[in-house]
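Here is my note on the structure shown below.

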Amino acid sequence: MRQVKFILALWKANIQAAMEFRAAFFTQVIFMMINNGVYFIFWVLYFDKFNAVRGWDINTMMLLFGIAASAWGIGAFFFGNFISLAEVIVGGRLDYYLSLPRPVLLHVLASKSIGSGMGDLIYGIGSFMLSGYFTPDGTLRFLLGVFAGVCIFIGFLVIVQSLSFWLGNTVALSQFALSALLTFSLYPSVLFDATTKFILLTIIPAALIGTIPAEFVREFSWQSAIQMVSGSLVFLFLSIFIFKLGLKRYESGSAIQVEV
Amino acid sequence: MSSIEVNNLQKTFQTKRKAAGMRGSLRALFKPEYTSIEAVRGLSFHMEAGELLGFIGPNGAGKSTTIKILTGILHPSSGDAKVLGFVPWKERQKLAYHIGTVFGQRPQLWYHLPAIDTFMLFGKIYELDDRETKKRIAFLSEAFEIQDLLETPVRKLSLGQRMRCEVAASLLHRPKLLLLDEPSIGLDVVAKQHIRDAIKRMAQEENVGVLLTSHDAGDLEALCRRVIIVNHGQIVYEDKVSNLKRKFLTRKMVEVRYAEEVSPNFSIDGVEILKVGSYGVKLRFDTTKTPVDQVMSHLSQAGELVDITVSDPPLEEVIAKIYQDAQPGMRT
């Protein structure tokens, strides 16, 4: 409960900071929604020619986009530093969080809000509602799928970026990992061969963000549920463990910083 | 009772070495070389509860690294330290409830928000209830004279105004110990005085211990009773500020002004003439080598004195002298 109150206070501060630049915030939200819509046009044109690909039709694609965009949006809006953790570590900016009496990782992640994330979230919810799976039990499964997606996005990127504690500057590596995860999460993994599918379930766990949750919402199966829940927990706990281990090697720095 | 106990503290950083240019970059890529830098070398000291301790030294002396170890930000390579009974790097969260920190180069106030919003956020972070937080903000804003600044976005405050808000924020949760790392960096004389007065007041009223690192000897003179001087990660001097002044302030500066034009002969052994004019002169001499009365008698014989000023050299000069003479391990 203590940490919940703390997180709510941080989110409040983030929203207050975003409202200092209202026009910029709303512009980001609107343009991100348009951006996602334009990207989806590719699939509209594709399914206009072919009705389905390996059992996936336009509705399932809308569902997949809905889950992935919502998961990304929640991560970016509420835990925005999960994208820039490597820069925080390398720049010695953990000092601020380490001098306050709260869990460092949670504090860092929730201290930044990316306005465009709200655009992703609104788009994701809209996409799900139009996908044809917007039923009471479909919505519950959607929420579970989005929760798994948030955990995988954050957990995977925290692990990759925590390598900065050992390897120094991993900002470029983190951006590569982020692009790979995001790109593959927006494709159904049924399109790929067995080896690629294995990679997408483990090394770059994009299938756990897009395909598996979408299949789970489409039709309940224990296999999908177990894959999602166990995958989320493994990445989440592994990320906390690796970050804490790395924190002992943190070297700070003398760069000038500000909290925005 | 000690608030800080440090024994044989060491911190070594591994730094990658790279020769200049593209060839150096390629060599470093395939055959990286590392150098060990000992930022803190066997530091031992203690600080009493409620004490005002200055921790000074030149750039790279290990001041900030020591403060970061004492707040739990960095893990030491070896050695022991206890701050308010806690081992900082093992009990960071518990310790953080009892200390306040200000890093002059690392603001803690949210840049785009008014300071009052960060104060309220800090209230939540330190688990104060809203009523208590507001009461404390009212008290601190009066003590630091920031009542009119609280609702202005931090980005629009001057550096001096912002630093007053920073120090006030660090005292929100009534810490027993305040660790200030270069709190006056970049401030003008008036802003420095504001900060010093407010810190002094808080230290007296709430019995807050203050460990202060600074480049500014004025901070030391205004705030601290005891001083530790570090260089190359080691303590080179440790004593009361008053003793430091007595031992190292043996050089005096004398400036005199005469009623009429004079052409005195000031060639006294051991006296350095800094400035000479038709109506006055400025001298510097070492009192242990040249008696004061000898200098004064020379000056008074030269003409009718209308003004005389005797002053100590600035503390910066004193510290520079200690740095020049200092050998590691020198303590009083």
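**Notes on the predicted model**

1. Start with the domains of chain B. The assignment gives domain 1 (2-10 + 44-246) and domain 2 (250-311). Their C-alpha centres lie 43 Å apart. Please keep in mind that this is a predicted model.

2. Next, the overall build of chain B. Its secondary structure comes to 11 helices and 13 strands. Along the principal axes, the C-alpha atoms fill a box of roughly 70 × 55 × 45 Å. Chain B has 332 residues, and 50% of them count as buried. Among its contacts with a separation of 6 or more, 70% are between residues 24 or more positions apart.

3. Now the salt bridges. Over all chains, the search finds 16. A:Asp95 lies in helix H5 of chain A and B:Lys68 in helix H2 (residues 63-70) of chain B, so this pair joins two chains. The closest N and O atoms of A:Asp95 and B:Lys68 are 3.3 Å apart. Are these two residues buried or exposed? A:Asp95 is buried, with a relative accessible area of 0%. B:Lys68 also counts as buried, at 9%. The count between chain A and chain B is five salt bridges.

4. A salt-bridge network deserves a look too. A:Arg2, A:Arg102 and B:Glu127 are linked in it.

5. Compare a pair inside chain A. A:Arg141 forms a salt bridge with A:Asp137, with the closest N and O atoms 3.5 Å apart. Both lie in helix H8 (residues 136-162) of chain A, four residues apart, or about one turn of the helix. A:Arg141 counts as buried at 16% relative accessibility. A:Asp137 counts as partly exposed at 43%.

6. Chain B has a pair of another kind. The side chains of B:Glu272 and B:Arg284 meet in a salt bridge at 3.3 Å, N to O. B:Glu272 is in strand S11 (residues 271-276) and B:Arg284 in strand S12 (residues 280-286), 12 residues apart. B:Glu272 counts as partly exposed, at 37% relative accessibility. B:Arg284 counts as buried, at 15%.

7. Look at B:Ser44, in strand S2 (residues 33-48) of chain B. B:Ser44 and B:Gly79 are 35 residues apart in sequence, and their C-alpha atoms are 9.1 Å apart in space.

8. Finally, check two backbone angles in chain B. B:Glu145 is not a glycine, yet has a positive phi of about 50°. B:Glu145 sits in the loop between helix H5 (130-143) and helix H6 (159-170) of chain B. For B:Asn207, phi is near 50°, again positive in a residue other than glycine. B:Asn207 is in the loop between helix H7 (189-206) and strand S7 (209-214) of chain B. B:Asn207 is exposed, with a relative accessible area of 53%.

Note on methods. Residues are numbered from 1 along each chain as its sequence is written. Chains are lettered from A and ligands numbered from 1 in the order in which they are written. This is a predicted model: local features need pLDDT of at least 70, side-chain atom pairs count only at pLDDT 80 or more; totals for chains, interfaces and linings use all residues. Side-chain values use heavy atoms; hydrogens and water are left out. A salt bridge is a side-chain nitrogen of Lys or Arg within 4 Å of a carboxyl oxygen of Asp or Glu. Buried means under 20% relative accessible area, exposed over 50%, partly exposed in between (1.4 Å probe, protein chains only). Domain bounds come from an automatic or database domain assignment. Contact means heavy atoms within 4.5 Å.
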